[in-house]
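Before you form your own view of this structure, please read the notes below with the model open beside them.

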Amino acid sequence: MEKKEKTQAEESIHLYSKGPEGWLGKLPFLPLHWFVYSPYTFGQYTWTNTSSGETIHGSAFMHQEKNWGEGFPPAWVWTQAVKPGAAVSGSFGVIQFVGYVDIPAHLFGYRNYNKSIELDLRVDNSLLTNSIDGCKGIASFTINSIYYRVVYNVTAPVATLGTCLRGPTAQGFKPVLVESYQATTILKIYKRKSIFQKFSEQDVIDQQTFQISALEFGGRYLCHENPCKQKRNINSSYIYHRILK
């Protein structure tokens with residue numbers, strides 16, 4: 001892909017210079033890092049098929065990020081959704097510390113430019129409860145921080161999770177994940193005025209429904225009967241999902 005024109009992401013990349021990890025991104029012993037340059041930017045693109053010579057031009061909303069490290073964690077859910085003026089992205093699962101100790105982890109970011117909301121929640125500033133069912137295509141999360149609560153529900157038709165994709169592991173790219181781009185995301189954000197009061201519906205500062213969202217189940221969060229289990233000999237015609245940098 002080539003960008004034909006300078007986009008908003010290039011002009012305002014400093015807005016996301018910390019990434020969703022915040023100061024945790026500086027820790028050298030974490031097995032995986034995630035940096036989001038921009039969750040939602042309008043720009044121009046050019047796609048070229050080097051085999052056929054076919055070229056496609058257009059305009060689209062773009063997301064730019066990178067992952068680097070040893071590989072994806074042993075269990076994860078990745079979510080993302082955008083609409084005019086708002087964007088949400090989250091990664092939830094466990095990471096392995098010193099090779100065998102499972103530690104729950106989450107990174108969540110939300111932007112509503114119309115309401116001037118920029119919210120980043122992670123393991124050092126919030127607590128997570130979740131309900132994940134890869135067999136039913138359901139992932140529900142509640143994240144609580146000192147002043148904020150996020151209720152975040154993502155569902156995808158099971159039929160759209162029927163293709164196994166490769167993901168980066170410590171042993172190379174393996175068939176370890178399924179994903180849908182036909183999910184529905186329902187999001188509600190609370191902000192309370194005092195830590196001594198309970199969250200209530202009067203504290204809701206934003207609620208959104210996103211259509212055509214992304215939902216990915218990987219590793220241990222795959223359904224026990226999944227296309228990756230059935231097709232471990234998946235051939236090279238499947239697209240590599242991500243490239244570690």
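1. The model is a predicted one, and a search through the whole of it finds six aromatic pairs.

2. One of these pairs joins phenylalanine 92 and tyrosine 152, whose rings are tilted, at 6.1 Å centre to centre and with 50° between the planes. Since phenylalanine 92 belongs to strand S4 (residues 86-97) and tyrosine 152 to strand S9 (residues 148-155), the pair ties together parts that are 60 residues apart in sequence. Phenylalanine 92 and tyrosine 152 are both buried.

3. Tyrosine 152 also pairs with phenylalanine 141, and because the ring centres are 6.0 Å apart with the planes at 35°, this pair is tilted. Phenylalanine 141 lies in strand S8 (residues 138-144) and tyrosine 152 in strand S9, so parts that are 11 residues apart in sequence are tied together here. Which residues make up the aromatic cluster? The cluster is formed by Phe92, Phe108, Phe141 and Tyr152.

4. A charge and a ring also meet in this model: the charged end of lysine 83 sits over the ring of phenylalanine 210, at 5.4 Å from the centre of that ring.

5. On the surface, Ile146, Tyr147, Ile195 and Phe196 form a nonpolar patch, which together has about 480 Å² of accessible area. Tyrosine 147 is placed in the loop between S8 and S9, and its relative accessible area of 38% makes it partly exposed.

6. Side chains of opposite charge can pair when their charged atoms come close. The structure holds five salt bridges, and in one of them the side chains of aspartate 102 and arginine 220 meet at 2.6 Å, N to O. Aspartate 102 is in strand S5 (residues 101-112) and arginine 220 in the loop between strand S12 (204-219) and helix H2 (227-230), so the pair ties together parts that are 118 residues apart in sequence.

7. Lysine 115 and aspartate 206 form a salt bridge too, at 3.1 Å, N to O. This pair links distant parts of the chain, with lysine 115 in the loop between S5 and strand S6 (117-122) and aspartate 206 in strand S12, 91 residues apart. Are the two partners buried or partly exposed? Lysine 115 is partly exposed, at a relative accessible area of 45%, whereas aspartate 206 is buried, at 2%.

Methods:
Residues numbered from 1 in each chain as written. Predicted model: local features only at pLDDT ≥ 70, side-chain atom pairs only at ≥ 80, totals over all residues. Heavy atoms only, no water. Phe/Tyr/Trp six-rings, centres within 6.5 Å; stacked < 30°, edge-to-face > 60°. Helix = DSSP H or I, 4+ residues; strand = E, 2+ residues; numbered from the N terminus. Buried < 20%, exposed > 50% of the residue type's maximum accessible area, 1.4 Å probe, protein only. Lys NZ or Arg CZ within 6 Å of the ring centre and 35° of its normal. Patch = residues over 30% accessible without salt bridge, like charges linked within 9 Å, V, L, I, M, F, W, Y side chains within 5 Å. Areas by Shrake-Rupley, 256 points an atom, 1.4 Å probe, with all protein chains shown as cover. Salt bridge = Lys/Arg side-chain N within 4 Å of Asp/Glu carboxyl O.
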